[in-house]
Amino acid sequence: MDSSDDESGEEYLFKIVIIGDSAVGKSNLLTRYARNEFNLHSKATIGVEFQTQTLEIDGKEVKAQIWDTAGQERFRAVTSAYYRGAFGALVVYDITRRTTFDSIPRWLDELKTHSDTTVARMLVGNKCDLDNIRAVSVEEGKSLAESEGMFFMETSALDATNVNKAFDMVIREIYNSVS
Ligand code: GDP
Ligand code: MG
């Protein structure tokens, strides 16, 4: 039986965007989550528009359509179409590059400007496998997230630490807010 024929007949589709400076690991977070793949030499220019992941929550089929930039962030040219209709966002920095952490408020402003609804937001400090060359402490990440009312998690797309957890939390938060 097809899942769309289930008794409840309910299905959810949520758009989630991934934003943050160039090379923080956005594309790899998505491929780790959606395909369990990592690429050491990923090219910023190759971008699929989105990948879809299906979860079951409360016996209902919940689909997350997760969008990745095609590298436009290098030119500060992420378009409003990218944000349109998003219910969730992962706002990513690289724990080894402070400038990417300093950019977070700008990304939050941009998200706010372009979104027309409440967005479930998670601050993501990626590349936690590189703890030995860390430039942003866990405390700083936590504290920024707290002051912005966001969730916080450090992740590694390379070794998969917290990647599923981060996406799943955002998806569940959206689900809880609409159901
Ligand atoms: P994007 O520009 O934000 O999409 O970043 P990419 O996903 O293209 O990653 C940029 C670079 O960082 C690539 O060389 C990746 O292999 C590397 N990278 C991404 N995530 C991680 C991670 O969690 N740990 C480490 N060590 N490298 C990562
Ligand atoms: Mg990318």
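User: In what order do the six strands of the open sheet stand, and what is the pairing?

Analyst: In general, the strands of a sheet pair through backbone hydrogen bonds, in either a parallel or an antiparallel sense. In this predicted model, the six strands make an open sheet whose order is 2-3-1-4-5-6, with mixed pairing. Strand 2 (50-57) and strand 6 (151-154) are the edge strands, each pairing on one side only. Neighbouring strands of the sheet are turned against each other by 25 degrees on average, with direction ignored.

User: In which sense do strand 2 and strand 3 pair, and over how many bridges?

Analyst: Strand 2 and strand 3 (residues 60-67) pair in the antiparallel sense, over eight bridges; for Thr54, the bridge partner in strand 3 is Lys63. Helix 5 packs on the sheet, where it touches strand 5 and strand 6, and its direction makes about 160 degrees with that of strand 6.

User: Which residues around ligand 1 come nearest, and which helix gives the most to the shell?

Analyst: Of the 19 residues around ligand 1, those that come nearest are Gly25, Lys26, Ser27, Asn28 and Leu158. Helix 1 (residues 26-35) gives the most to this shell, with three residues, and the shell as a whole divides into seven nonpolar, nine polar and three charged residues.

Conventions: Residues are numbered from 1 along each chain as its sequence is written. Chains are lettered from A and ligands numbered from 1 in the order in which they are written. This is a predicted model: local features need pLDDT of at least 70, side-chain atom pairs count only at pLDDT 80 or more; totals for chains, interfaces and linings use all residues. A residue is near a molecule or strand if its C-beta atom, placed from the backbone, lies within 6 Å of it. Helices (H or I, at least four residues) and strands (E, at least two) are DSSP runs, numbered from the N terminus. Ala, Val, Leu, Ile, Met, Phe, Trp, Tyr, Cys and Pro count as nonpolar, Asp, Glu, Lys and Arg as charged, and the others, Gly among them, as polar. Two strands pair if DSSP finds at least two bridges between them. Axes are lines fitted to C-alpha atoms, for helices over the stretch in contact, and angles run from 0 to 180 degrees between N-to-C directions. Two residues are in contact if their C-beta atoms, placed from the backbone, lie within 7 Å.
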